[in-house]
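Please read this briefing alongside the sequence and the coordinates, which are shown next. The notes are grouped by topic for a reader who wants to check each contact.

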Amino acid sequence: MIRPGDAGYDEARTTWALVADLRPAAIAFPTSVAEAAEVVRLATTEGMRVAPLSTGHNAYPLGDLSGSVLVRMSSMPAISVAPEDRRARVEAGALWGPIAERASAHGLAAPHGSSPDAGVVGYTLGGGINWYGRSRGLAVNSVTAVELITADGSLVRADAEHEADLFWALRGGGAANFGLVTSLEFALFELKSVYAGMMLWDQRDAHRVLTRFQEVVSDAPEEMTLSYRHMNFPLIPEVPEPFRGRNLVIIDGAVLGSSPEENVRPFHELKPEVDTFAEVPPSAVVRIHMDPEHPTPGWGRSALLDDFPAAAVDRLIEVAGPGSGNDLALAVEVRHLGGAMARPVAGGGALSAIDGQFQLVSGGMMIGGFAEQTLRHTQRVIDGLGEWSRGREYLNFQEERVDPGRAFGSGVLDRLRAVRDQVDPGRLFQANHEL
């Protein structure tokens, strides 16, 4: 274990979320299941809690770690794909980029999100909004087995035939609430190519593009999953042309079905400056959102919306468009949910569907003079669209602590806590969103 004062402590405590100032009592990088179990047993002996973490995309809500060992799972990144069974197995440090590549080589697709370097385990067991979600559902519904170290240091496998209550809770309840996950198994689906990409316009066109987005998604087929964003890029060499120093509007997404080009034709009519939509292998879809593939000092707020009518278009432009004073926010996004992502699955886990039709996200940089503006503008965006929200939360996109009842509802939350009482009565494990 690495402890405060040891060489490498500051580097070891730094996560993908660069400004999450985590200061754990110790840090461990297990390289095997046996080492992971030993970390859990040692923490118990020393009276420390255990805070599992893969990449740390959602590390901010972890809070005080002064009495905890931060278990970084990045040294367990192994993946395997069984194409004949359309199954994948990953260790807890695996990232989505390599999985997408491996599956695509066999004509298969994985239910990944928008970042190739997001950890598979946290993303999936937290729900998993994905580019195929409106037709295929949440990624968590593809999970077939979870292996984890429980509070007594033993390895447990939870699947449809074993540990049924725990398997239910893990699928949506947040992996770290119940143990230290070491591996995950999930189903893939056949897909040789997909019509996917992005289009961009100057942000002066925001109102007409967002209006078209609102019109398209109001009657969109479930085969189409789209996102609308404002992206404000700094004037630095690291940002490629044609993005450098510009405020832009972006539509991106993926379309399945027999005539996908027709579904995005309304956006082509608006003559985007850049249009990359094309038939591409599934491995390319993991990068269409252009999420940074390295740690960032970014932070954000989010909200689930029940609807996105024409009045919401005007409101979003008012609080986040040109002239709103929102120029320094990194991004404002409206992602279309609904379809299969909104339908509960028979035999599913604690979160088999999301109670919302749109996900609103607003984020920015939390460094120097940007931090105060980020806090102010992100809250302004969330509050501005508040009349279309009932206050529910999707925790994977929530980078501050919230009432878990807003994510699950009382009946599900009570059952999750009952399962946790069974497997971790002493609350050894510390999750970023604790139940």
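Predicted model: local features only at pLDDT ≥ 70, side-chain atom pairs only at ≥ 80, totals over all residues.

**Glycine 93 and its surroundings**

Leaving out residues up to four places away in sequence, glycine 93 touches Ser54, Met73, Ser74, Met76 and Pro77.

- Glycine 93 has its place in the loop between β5 (87-91) and α3 (96-104), and because its relative accessible area is 6%, under the 20% limit, glycine 93 is classed as buried.
- The C-alpha atom of glycine 93 is separated by 7.6 Å from that of valine 120, and the two residues are 27 residues apart along the chain.

**Arginine 229**

- Arginine 229 is found in strand β12, which covers residues 224-232, and with a relative accessible area of 3% arginine 229 is buried.
- The side chain of arginine 229 makes a polar contact of 2.8 Å with the side chain of aspartate 252, while a polar atom of the arginine 229 side chain also lies 3.1 Å from the backbone oxygen of histidine 289.
- When neighbours within four places in sequence are left aside, the residues in contact with arginine 229 are Leu248, Val249, Ile250, Asp252, His289, Met290, Val332 and Glu333.

**Arginine 420**

- Arginine 420 belongs to helix α13 (residues 410-423), and because its relative accessibility is 1%, under the 20% limit, arginine 420 counts as buried.
- The side chains of arginine 420 and glutamate 434 are joined by a polar contact of 3.1 Å.
- Not counting residues up to four places away in sequence, arginine 420 touches Arg49, Asn177, Phe178, Pro425, Arg427, Phe429, Glu434 and Leu435.

**The second largest pocket**

- The second largest pocket holds about 160 Å³ of space, and of the 15 residues that line this pocket, Ser302, Ala303, Ile382, Glu393 and Arg406 are the closest to its centre.
- At least two residues of the lining of the second largest pocket come from each of β16 (298-305) and α11 (370-384), with β16 giving the largest share, three residues.
- Sorted by class, the lining of the second largest pocket consists of three nonpolar, six polar and six charged residues.

**Aromatic pairs**

- Eight aromatic pairs are found in a search of the whole structure, and one of these is formed by tyrosine 195 and phenylalanine 277, a tilted pair with 5.7 Å from centre to centre and 40° between the planes.
- This pair links distant parts of the chain, 82 residues apart, since tyrosine 195 is in strand β11 (residues 194-202) and phenylalanine 277 is in the loop between β14 (274-275) and β15 (278-280).
- Tyrosine 195 counts as buried at 6% relative accessibility, and phenylalanine 277 is likewise buried, with a relative accessible area of 9%.
- The ring centres of tyrosine 394 and phenylalanine 397 are 5.4 Å apart and their planes stand at 80°, so this pair is edge-to-face.
- Which residue of this pair counts as buried, and which as partly exposed? Tyrosine 394 counts as buried at 3% relative accessibility, whereas phenylalanine 397, at 26%, counts as partly exposed.
- Trp96, Tyr123 and Phe186 are linked into a cluster by ring pairs.

How values were computed
Residues numbered from 1 in each chain as written. Heavy atoms only, no water. Helix = DSSP H or I, 4+ residues; strand = E, 2+ residues; numbered from the N terminus. Buried < 20%, exposed > 50% of the residue type's maximum accessible area, 1.4 Å probe, protein only. Polar contact = N/O pair within 3.5 Å; in protein donor to acceptor, adjacent residues only side chain to side chain. Contact = heavy atoms within 4.5 Å. 1 Å grid on protein atoms, 1.4 Å probe; cavity = no way out; pocket = protein on both sides within 12 Å on 5 of 7 lines; lining within 4 Å. Points joined across faces, edges and corners; volume = space filled by probe spheres on them. Nonpolar A, V, L, I, M, F, W, Y, C, P; charged D, E, K, R; others polar. Phe/Tyr/Trp six-rings, centres within 6.5 Å; stacked < 30°, edge-to-face > 60°.
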